[in-house]
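I opened a notebook for this structure and wrote down each thing I looked up.

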Amino acid sequence: MNTTTHPLRHINQFLQWWNSLETVKSPCYAGVNVVIDSINTFSSSEFHELLIVKLKVNGENCRWIVKDAVQNSFFGAATYHDLYNKLVNQNLAPELVARSNQYECFSFMEGHTLNEGNNSTLECSQLAVHCIHNHLTFSRKLSQDYLSDFIIKLKPYLIHLISMVNDDIAINDQVLEALLDEINNRSANANLIVCHGDLNWGNILKSNRHVVAIDWEYFGALPLEYEVAMTMSINQLDKQSQSNMLSQLTSLIEDDVCFDNSLFEVYLQFCHLINFLWVSVERAEGNKTFLSYYFSEECGAPINNLLEVNEIKGL
């Protein structure tokens, strides 16, 4: 196929070209529409070069996924090529075959994400635990000194989110600082693992052969307790589902792996705060029922003491 005949002058040409290359847009990444929505901001020549590189590597019949490049100074995943390549080599992540400062090209992985099927919450939780256990096993092969270079910087990201919220949200600074101090103190001696950081059901891909996490923008190193808490929070598991997930995980992990329940509980409230703020910032008209979860007893660690939100008070 001669790619030079497709200059990508406008979105319709792009979509026609995209389909002619047999690129599968779904099921792959939940955020694939981002590529289509922002295609007009891409440099056609740069985008062209990336695709030509891919075609030279795997031939014209390749299948791949293009996403916006990670430009996140808070998590720094764009600079984590060495660690990411180790994940790819263990079949824990899709291969990154080409990238520029605007977009990334990943190998296509057959399968369906958990949010696309009729999976129950229990089934989704079990597969999430499977992923977390795989990441834990992978991490134990790496030294703590190596992983310390990839520690996720949570506080700057939180400050960034707080700076963007509107006047309807009032943060209790003293309680928040106490929470952050407790996280720092309790995490000081915790072993680091490679955390995906965003294991929502749409980022877990199930195929006939295996279950694998995709969409690794927020990956880095933090304690196991953080990964578990974030997974529960982002999928809004109730107390019973949280308990089931913890039981399954603790039955899988090795005897010499210590899971600190107190640290987990601190991280759970922190993750609830992060997810509430993220939805509030990214979705200006966030769903009230969705947001109210983080103030309910069912979430396991409500954030009522951390902030007040005028708009959804009483839900």
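The entries below go from the whole chain to single residues.

**Entry 1: the chain as a whole**

I note at the start that this is a predicted model. I looked up the secondary structure and found 12 helices and 10 strands in the protein chain. The chain has 315 residues, and buried residues make up 50% of them. I then turned to contacts between residues at least 6 apart in sequence. Of these, 78% join residues at least 24 apart.

**Entry 2**

In which order do the 3 strands of the open sheet lie? I read the order as β4-β7-β8, with antiparallel pairing. Strands β4 (112–113) and β8 (211–213) are the edges, and each of them pairs on one side only. I followed the pairing of β7, residues 204–206, with β8 and found 3 bridges in the antiparallel sense. For K206, the bridge partner in β8 is V211.

I went on to D215, which sits in the loop between β8 and β9 (220–223). Its phi is near 60 degrees, a positive value in a residue other than glycine. I wrote this down because most residues other than glycine have a negative phi. Is D215 buried or exposed? With a relative accessibility of 9%, D215 counts as buried, since the cut-off for buried is under 20%.

I found a second case at Q236, where phi is near 55 degrees, again positive in a residue other than glycine. Q236 belongs to the loop between α9 and α10. Its relative accessible area is 22%, so I list Q236 as partly exposed.

**Entry 2: aromatic rings**

I counted the aromatic pairs in the structure and got 8. The one I looked at in detail is F276 with F295, an edge-to-face pair. The ring centres are 5.3 Å apart, and the planes stand at 90 degrees to each other. What does this pair tie together? F276 is in helix α11 (residues 261–282), while F295 is in the loop between α12 (288–292) and β10 (307–309), so the pair links parts that are 19 residues apart in sequence. I checked burial for both rings' residues. F276 is buried at 1% relative accessibility, and F295 is buried at 18%.

I also noted one aromatic cluster, formed by Y84, W216 and F219.

**Entry 3: W201**

W201 is in the loop between β6 and β7. I looked up its relative accessibility, which is 14%, so W201 counts as buried. Which residues does W201 touch, leaving out those up to four places away in sequence? The list is T113, L114, N115, T121, C124, S125, A128, N235 and L237. For A128 I also took the C-alpha distance to W201: it is 8.0 Å, across 73 residues of sequence.

I looked up I253 next and found it in the loop between α10 (239–252) and α11. I253 is buried, with a relative accessible area of 9%. Not counting residues up to four places away in sequence, I253 touches H133, L136 and F259. The C-alpha atoms of I253 and L136 are 8.4 Å apart, although the two residues are 117 apart in sequence.

R186 is in helix α8, residues 173–187. I list R186 as partly exposed, because its relative accessibility is 36%. Beyond residues up to four places away in sequence, R186 touches S262, L263 and V266. Between R186 and S262 the C-alpha separation is 8.4 Å, and the two are 76 residues apart along the chain.

My last entry is on the second largest pocket, which holds about 340 Å³ of space. I counted 18 residues in its lining, and the closest to the centre are A190, N191, L192, V257 and C258. Which elements give two or more residues to this lining? They are α5 (121–139), β6 (192–195) and α9 (224–234). By type, I sorted the lining residues into 9 nonpolar, 4 polar and 5 charged.

Definitions and conventions. Residues are numbered from 1 along each chain as its sequence is written. This is a predicted model: local features need pLDDT of at least 70, side-chain atom pairs count only at pLDDT 80 or more; totals for chains, interfaces and linings use all residues. Side-chain values use heavy atoms; hydrogens and water are left out. On a 1 Å grid over the protein atoms alone, a cavity is a set of points where a 1.4 Å probe fits but cannot get out, and a pocket is an open set with protein on both sides within 12 Å along at least five of seven lines; lining residues have an atom within 4 Å of a point. Grid points are joined across faces, edges and corners, and a volume is the space filled by probe spheres set on the points. Helices (H or I, at least four residues) and strands (E, at least two) are DSSP runs, numbered from the N terminus. Ala, Val, Leu, Ile, Met, Phe, Trp, Tyr, Cys and Pro count as nonpolar, Asp, Glu, Lys and Arg as charged, and the others, Gly among them, as polar. Rings of Phe, Tyr and Trp (its six-membered ring) pair if their centres lie within 6.5 Å; planes under 30 degrees apart count as stacked, over 60 as edge-to-face and the rest as tilted. Buried means under 20% relative accessible area, exposed over 50%, partly exposed in between (1.4 Å probe, protein chains only). Two strands pair if DSSP finds at least two bridges between them. Contact means heavy atoms within 4.5 Å.
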